[in-house]
Amino acid sequence: MLLTRFFLPVLKENPKEAEIISHINMLRAGMIQQSASGIYSWLPLGKIVLEKISEICRQEMIKSGANEILMPTLQSAEIWKESGRYEDYGKEMLRIKDRNNRNLLYGPTNEELVTEIFRTHVKSYKQLPLNLFHIQWKFRDELRPRFGVMRGREFLMKDAYSFDIDYKSSIKSYNIMFIAYMQLFKKMGLKAIPMKADTGPIGGDLSHEFIIIADTGESEVYVERELLNFENSFQNINYDDDLQEEVNKFTSFYAATEEKHDAGNFDDKANTLIKTRGIEVGHIFHFGQKYSLPMKATISDKEGVNVPVFMGSYGVGLSRLVGAVIEANHDKHGIIWPKEITPWDYNIINLKIGDNDCDNICLNIYNLIKDNKIDVLYDDTDERTGAKLARADLIGLPYQIIIGPKGIKEQLYDLKCRKSGDISRLSYCELLNFIQTNK
RNA sequence: CGGGCCAUAGCGCAGCCUGGUAGCGCGUCCGUCUGGGGGGCGGGAGGUCACAGGUUCGAAUCCUGUUGGCCCGACCA
């Protein structure tokens with residue numbers, strides 16, 4: 001991508017509406033623009049990252065055996081009355097009337113809708129287990145939206161819903177999602193910590209939150225040191241296997257958010273409990289027959305008896321993740337994208353546009369990187385060095401290739417690692433070699 | 001929903017107390033000199049001072065109301 005052809009409205013100064021680091025950086029890097037409180041437009045840079053995160057999540061869901069569907073943002077109030085939540089949900093639910101005065105709502109979640117889909121088509125235990133997921137915008141009229149996309153009113157979520165014939169097999173489905181979550185966060189280059197959680201208004205008896213550790217995170221968490229260092233051991237996870245043992249590996253550690261923390265529940269003899277901060281980016285619930293019972297989603301079992309189906313729901317806050325990633329990966333100059341979700345891998349910076357040598361070398365490297373199927377952004381704008389370098393740091397691509405007359409004279413080109421800040425001066429060959437071996 | 005604060009050019013702000021021709025920095029446009037960390041010089045464009053009403057000869061400024069936004073708290077992916 002040529003920067004002169006890319007819409008990247010960066011801000012030099014901090015917008016006063018933003019307080020936290022991810023919000024400031026997202027506005028400054030031209031990723032989002034606020035439309036109303038807690039509601040944002042996604043500009044090209046933000047959109048690319050949101051898409052990358054969504055795609056990793058989608059692929060892992062598919063791999064785990066889930067089927068992608070797409071449910072609407074607007075829902076009929078009818079099914080919510082069936083489940084009893086139309087009254088329960090309160091002011092967070094945005095209620096709308098259509099021209100015929102029918103009650104609609106902008107979906108804050110989709111248990112009712114997916115249950116309705118399920119019950120009209122699935123009648124037999126032979127069709128189970130089933131997991132349906134979708135990626136869709138939701139709206140919750142929060143008391144106080146804040147922190148940019150981390151706590152918006154409108155937000156993008158991946159929601160999966162599992163359906164099983166009995167308790168035992170529904171736990172299996174829960175475990176699959178548990179492991180899938182560990183996988184997908186890892187594939188985003190993130191360290192997510194599973195914590196036992198409250199089930200809240202969604203209800204149920206088993207639930208875990210997935211928390212990304214970040215100093216600037218919104219909630220305080222207590223974690224055993226070993227869990228922080230514990231690496232996903234599984235390489236090629238087989239979702240057909242019994243995953244209980246894998247899940248136990250994680251749940252055997254102590255980890256709790258401030259609200260759930262109880263020093264009495266953990267004997268910290270070795271003094272390994274760490275108090276840090278984190279951001280909730282995923283939440284999984286097993287809630288059994290809570291919705292299938294009132295909504296009459298029943299299936300016939302082997303004996304021909306109709307039983308309410310056992311369900312679970314599994315959310316990942318995709319738009320929130322964009323902010324969370326930045327909270328976990330930044331410095332005073334701006335964003336530092338993990339390579340897994342970076343909008344581009346390389347940022348070629350031509351310090352003297354219009355200079356034949358600079359232009360030629362840059363274009364040459366640009367095409368070569370593209371030929372290697374690597375994502376590259378070429379800063380071909382005619383601006384001052386300082387402005388270009390500051391902007392490159394702000395948008396945070398993993399590597400910057402800085403080309404200017406000084407380097408050309410010595411036939412050495414600067415390769416800067418955004419994360420470490422280290423700059424190596426490489427010959428053309430060394431640079432190509434680096435690019436090809438770092439795919 | 002309780003408490004605090006804000007609204008003046010695209011962005012960041014001053015002006016308001018003490019009413020009298022709307023200002024600064026950045027950005028933007030033109031020219032020029034520059035060229036390895038948000039440059040220099042010269043010139044230009046850009047604002048019904050959130051909205052409505054009131055006081056006044058005269059309101060960005062004083063008064064009343066409304067709307068929008070931010071922060072702290074209780075609540076949540």
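Tutor: The crossing of helix 10 and helix 13 is right-handed; a crossing is right-handed if the near helix is turned clockwise from the far one by less than a right angle, and left-handed if anticlockwise. Helices here are DSSP runs (H or I, at least four residues), as are strands (E, at least two), numbered from the N terminus. This is a predicted model, in which local features need pLDDT of at least 70, side-chain atom pairs count only at pLDDT 80 or more, and totals for chains, interfaces and linings use all residues. Residues are numbered from 1 along each chain as its sequence is written, chains are lettered from A and ligands numbered from 1 in the order in which they are written, and side-chain values use heavy atoms, with hydrogens and water left out.

Student: Which residues of helix 10 and helix 13 make the contact?

Tutor: Asn364, Ile365, Leu368 and Ile369 of helix 10 meet Tyr428, Leu431, Leu432 and Ile435 of helix 13, where contact means heavy atoms within 4.5 Å.

Student: Which residues are closest to RNA strand B?

Tutor: A residue is near a strand if one of its heavy atoms lies within 4 Å of it. RNA strand B is surrounded by 40 residues, the closest being Lys12, Arg144, Glu280, Arg384 and Asp414. Helix 11 gives the largest share of this surface, 6 residues.

Student: What does Arg146 approach on RNA strand B?

Tutor: A base nitrogen lies 3.0 Å from a polar side-chain atom of Arg146.

Key. Polar contact = N/O pair within 3.5 Å; in protein donor to acceptor, adjacent residues only side chain to side chain.
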